Amino acid sequence: MTQTTYREAIRQALLDAMAADPSVILIGEEVGLYGGAYGVTKGLIEIYGAERVIDAPISEAAIVGAAIGAAMTGLRPVAELMYVDFIGMTMDQLANQAAKSRYMFGGQIGVPLVLRTQGGTGRSAAAQHSQSLEAWVMHTPGLRLVMPATVNDAYHLLRQALTQSDPVVFIEHKGLYTMKGALDVTRPDGDWGKPVTRRSGRDLVIITYSRMLHEALAAAERLAQAGVEAEVIDLRCLNPLDDAVLVEAVRRTGRAMVVTEAAVTGSVASEISARLSEVCFDWLHEPILRVGGEDIPIPVSPALERGSIPSEALIHDTALWLVTREAPEWAE
Amino acid sequence: MGRVILRLPRLGETMEQARVTDWLVATGAGFKRGDILLEVETDKTVVEVPAMTDGVLIAQLVSPGDMVDLDAPIAEIDAEGAGDVPAAKAEAVPIAPRQPESVPASPLASAEAGAPVAASPAARAAARRAGTDLTLIAGTGRRGRITAEDVAGQGPDADCQQGAQIALHRSGGAGLPIILLHGLYDDHRGWRDLPRRLAAAGHAVVSVDLPGPGDSVDGPASVDAAARAVADALTAELPEGAMRLIGHSLGAAVATKVAVLLAGRIDRLVLSAPLGLGARIDTDFLQGMLAADTTAALSRAMSRLDAGPLSQAILAQELARLKRLRPVHRAWAEALAQGGFQQIDITGDLARTSCDVRVIFGTGDRILDWQDIANLPARAAVHLVRGAGHLPHHAEPDLVVALATTTMGKGRADTETRSAP
Amino acid sequence: MNAPIAATNSAALGRYRLMRRIRFFEERVGELFLKGESAGSMLHLSIGEEGVVGMTDAMRDGDTFTTHHRGHGIFLGRGADPSRMMAEIAGKEDGYCRGKGGSMHIADRTLGHLGANAIVGGGIPHIVGAGLTYRNQGSGQVSVAFFGDGAMSQGILYESMNMAALWHLPVVFCCINNQYGMGTRVDRSAGNRDFPARATAFGLNAARADGADVEAVHDAASAIVSAARMGRPGFLEIDAYRFYGHARMDKSPYRTAEEEAEGRARDPLAIASGRITAEGLASAADLERIDAAAVTEMDAALDHAIAAAPPGLATMFQDVYAPDTPPPRPQAARLNAVLGEGGRA
């Protein structure tokens with residue numbers, strides 16, 4: 001067990017995976033000499049060479065397309081998309097090609113690639129470099145989707161992604177790269193596809209993922225001071241997603257909120273809350289709440305940016321409102 | 001204001017028509033929301049038809065003695081606000097400029113009008129399991145929604161933890177557990193926000209339903225039997241460690257006997273208007289609660305508690321609950337008092353316990369006599385609340401929280417002084 | 001390397017035979033549709049484009065390829081079994097893709113077919129990745145992307161050609177220019193119709209061949225593919241004419257009867273048979289025997305496709321993800337968990 005950063009954990013996972021499996025290659029913009037826009041692949045080209053750490057031209061569609069072809073023919077490519085906001089450039093390759101090849105071709109041709117990218121707010125990067133677009137991916141059958149929130153998950157989920165036979169979209173959070181935490185390379189936080197309960201509580205369940213986990217945990221701490229015990233569950237994997245843990249917790253507490261940084265309409269939170277509403281209906285004391293980003297493009301002003309996404313305070317106040325009917329100051 | 005026609009609402013499951021017995025509001029007179037407009041007699045009982053909005057009675061369309069069919073017009077009123085529809089079914093008269101909405105003003109109204117009932121999914125599931133009719137329950141939840149707890153208050157609920165025959169409602173954290181025991185005619189919900197406040201102070205809170213009312217299965221109307229059942233349930237729920245008991249009235253008597261049974265584990269008794277210290281008890285209250293057949297009668301009986309005004313919706317909810325539990329309550333009332341004399345004595349039990357005892361009494365209590373505190377053991381700390389009635393813990397909630405949560409030494413120091421009336 | 005050649009060892013005769021089989025196959029596909037037995041109506045026939053056999057014949061075992069939506073002839077050229085192809089086009093269980101892909105999404109890993117594609121240009125970048133694999137593994141394989149003139153207007157082609165040239169990949173971009181992107185003739189979609197010049201600009205080894213002359217295509221393709229195998233990626237434009245409409249054999253209101261007559265006059269089959277008999281490689285009677293065998297084969301493929309069993313409904317949920325990983329949850333199971341009286345989810 002060592003203390004390291006989220007960024008370093010991902011780099012370590014790539015390093016270890018490339019050492020363990022010579023078919024693993026990296027391809028993307030600035031992944032080689034530059035070391036990755038956020039420094040995740042720093043130094044890997046010196047270790048594994050330009051044949052395996054491939055600096056690609058600014059051609060996002062062809063980067064993903066090439067990764068697909070490499071995956072079809074026996075390599076295990078890790079393509080890097082510098083910002084998830086650029087996913088639009090790759091969407092045909094991702095959604096029509098990678099996601100559907102196995103199915104269209106009757107199971108003959110799998111596409112075991114990992115698309116690493118990062119999203120989210122926190123660096124005042126404005127509307128085209130700050131989005132949370134996981135719902136676009138989650139809506140596409142055939143794509144697995146992972147969003148690690150902890151240092152240990154950053155390592156293990158990436159290692160696990162590199163054992164999958166299907167395309168995995170691995171979305172990091174730009175606001176977490178410098179976060180420190182414990183890494184135990186021998187012990188994952190949980191199994192692939194299974195949410196992990198990060199905090200137990202009796203009064204409500206807060207279901208979230210990626211950076212919002214940390215906002216939710218902070219809110220839960222403060223809620224406890226007010227006598228409200230919130231359970232906090234980290235989804236980790238959005239596809240596959242075994243919802244048994246969620247169902248048990250929501251049935252136990254009868255109150256739940258799903259928190260996402262993404263624009264809330266049509267979001268992961270919408271899907272999760274709908275799913276749980278269906279199967280937990282008889283146990284619900286209150287509607288399952290979605291707490292998400294405002295339905296606006298991300299503004300550049302730090303104040304506006306912060307105000308457009310859920311905060312610890314918003315999660316705290318909303319949870320308190322949900323459980324105790326104590327309306328927050330900003331209500332009405 | 002908008003002119004609407006009131007129609008006779010469904011006031012009972014089998015009711016098809018009713019006889020008008022009396023108009024309580026005269027033509028041309030104004031009325032407030034909650035006022036009784038008229039009384040009608042069904043095949044079972046006399047029922048009041050309340051207004052659910054402020055307004056003015058324009059015309060009485062039926063007279064005392066008339067047999068009126070369900071849904072037939074009974075009055076024309078000028079109602080405050082287009083959206084606030086009276087409990088009695090309303091519809092626009094042709095000249096009305098605005099169509100009143102059919103949104104019910106409260107779950108009660110909606111139930112009576114056959115409109116949708118607002119209830120949480122969990123409440124519906126609980127009602128389905130228990131065979132409870134949701135239309136008979138008034139919701140206490142958000143915007144009047146019927147909660148699972150509301151349903152649980154109507155009968156046995158599989159969701160709460162029952163040790164022996166006792167239902168325990170647990171909340172709060174991992175701190176020193178505080179056990180709440182309610183009084184006669186009450187149930188675990190009668191503590192208002194006390195459980196939440198104790199939980200906020202870090203305590204585990206267990207709110208008990210005594211046998212009969214609340215969630216607990218009916219048991220013998222005996223303080224000793226109830227104390228044994230509660231002690232068993234608490235032992236099962238909390239196998240080890242100290243705990244504190246807060247009891248009100250009958251619940252205070254039960255708490256005292258639990259403290260004897262679980263000697264060594266109970267570190268403090270907080271008794272609010274405890275039963276069993278003296279001789280007299282108010283028969284009018286006991287009998288009035290058993291006899292109340294209308295919300296007005298219930299309101300009169302409950303006024304002796306000096307608990308402040310209660311809304312029509314709460315009164316209706318309480319009436320429904322009390323009517324359902326009437327045989328249980330009658331048995332308890334008979335066990336507790338005969339001819340105005342208490343049949344329970346806890347002074348011997350208090351003398352036998354070694355735990356900290358703190359008593360709170362209202363000097364305006366009309367059910368029990370506050371001067372019975374003279375029979376308390378000398379070590380008991382007493383807090384008298386000037387002018388408060390039989391629910392002193394509602395009059396001084398902060399005091400009760402302090403009495404229950406302060407540490408031993410500090411608490412004792414705080415309670416050395418007795419405030420005189 | 002493909003189906004056995006009937007009369008002689010002549011490669012030219014073999015290519016004629018392949019082209020004839022493609023022609024009959026496509027005609028049977030048209031019949032399949034007219035009989036109401038095809039899965040859907042998205043059938044794009046390659047009649048008139050059989051000269052592509054010159055390219056498929058220049059490839060080796062182990063080479064891989066992707067195709068566009070008009071790829072039946074290419075796949076047959078690489079050795080496909082017409083019965084399984086026809087069954088797939090009919091959406092049957094024993095089709096190449098178990099009835100999941102159909103005409104536009106046919107593939108066979110064992111024959112190197114990495115997939116036909118219904119997105120114009122969609123399969124092109126995959127050969128770049130395959131090229132990376134072969135380069136890194138030093139396997140000597142080549143990967144070829146087949147696409148139409150329509151894809152010459154797609155950006156992904158240029159991203160891919162740039163990468164292929166940049167990384168010296170063993171790949172070939174093969175444009176079958178049938179003059180039409182759906183209803184738009186190439187002179188209405190391209191400002192400069194010199195497609196090889198575009199490839200040259202990216203640093204590729206580029207050529208154009210007359211698609212009506214399969215031997216000319218083969219000569220050009222052989223040079224391009226050989227160079228690619230040595231790490232010099234290439235581009236080949238096969239100049240052809242789409243005899244029929246965009247889909248099936250529909251009318252083509254966007255072009256004149258005179259133009260069609262002129263285009264169909266340059267029939268790759270007629271040119272090949274004329275050369276074979278003129279050069280004495282085979283007699284007219286020999287060719288008739290080849291043709292008759294092809295008719296029999298394709299009739300059998302058609303009959304097989306019609307008679308074959310459709311896939312079971314439960315197969316719908318197979319192959320969305322790899323076996324032994326969490327499968328999609330069928331809607332009925334979800335609804336049953338919510339609405340069913342039998343128990344909880």
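Two strands count as paired if DSSP finds at least two bridges between them. Keep that in mind while looking around this model, which is a predicted one.

**The sheet in chain A**

Start with a pair of strands. Strand β2 (residues 24-28) of chain A runs parallel to β3(A), and three bridges join the two. One residue to look for is A:Ile27, whose bridge partner in β3(A) is A:Ile54.

This pair belongs to an open sheet of seven strands, ordered β3-β2-β4-β5-β7-β6-β12 (chain A), and the pairing is mixed. At its edges sit β3 (53-55) and β12 (237-239) of chain A, each pairing on one side only. From one strand to the next, the twist averages 20°. Helix α7 (residues 151-161) of chain A packs on this sheet, where it touches β5 (114-119), β6 (144-146) and β7 (168-173) of chain A. The direction of that helix makes about 165° with that of β7(A).

**The sheet in chain C**

Chain C has an open sheet too, with six strands in the order β2-β1-β3-β4-β8-β7 and parallel pairing. Its edge strands are β2 and β7 (205-210) of chain C, and each of them pairs on one side only. Here the twist averages 15° from one strand to the next.

Inside this sheet, strand β4 (residues 171-177) of chain C and strand β8 (residues 234-239) of chain C run parallel, joined by six bridges. C:Ile176 has C:Ile238 as its bridge partner in β8(C). Helix α7 (residues 195-202) of chain C packs on the sheet and touches β4, β7 and β8 of chain C.

| α7 of chain A | 151-161 | β7(A) | about 165° |

**A closer look at C:Gly148**

C:Gly148 lies in strand β3 (residues 143-148) of chain C. Is C:Gly148 buried or exposed? It's buried, because 27 other C-beta atoms lie within 10 Å and 20 or more are enough to count as buried. Setting aside neighbours within four places in sequence, its contacts include C:His68, C:Cys175 and C:Ile176. C:His68 is 80 residues away from C:Gly148 along the chain, yet their C-alpha atoms are separated by 7.1 Å.

**Where chains C and A meet**

The contact takes 40 residues from chain C and 41 residues from chain A. On the side of chain C that touches chain A, α5(C) gives the largest share, nine residues. That side divides into 21 nonpolar, 13 polar and six charged residues.

Notes. Residues are numbered from 1 along each chain as its sequence is written. Chains are lettered from A and ligands numbered from 1 in the order in which they are written. This is a predicted model: local features need pLDDT of at least 70, side-chain atom pairs count only at pLDDT 80 or more; totals for chains, interfaces and linings use all residues. Helices (H or I, at least four residues) and strands (E, at least two) are DSSP runs, numbered from the N terminus. A residue is buried if 20 or more other C-beta atoms lie within 10 Å of its own, exposed if 12 or fewer, and partly exposed in between; C-beta atoms are placed from the backbone. Two residues are in contact if their C-beta atoms, placed from the backbone, lie within 7 Å. Ala, Val, Leu, Ile, Met, Phe, Trp, Tyr, Cys and Pro count as nonpolar, Asp, Glu, Lys and Arg as charged, and the others, Gly among them, as polar. Axes are lines fitted to C-alpha atoms, for helices over the stretch in contact, and angles run from 0 to 180 degrees between N-to-C directions.
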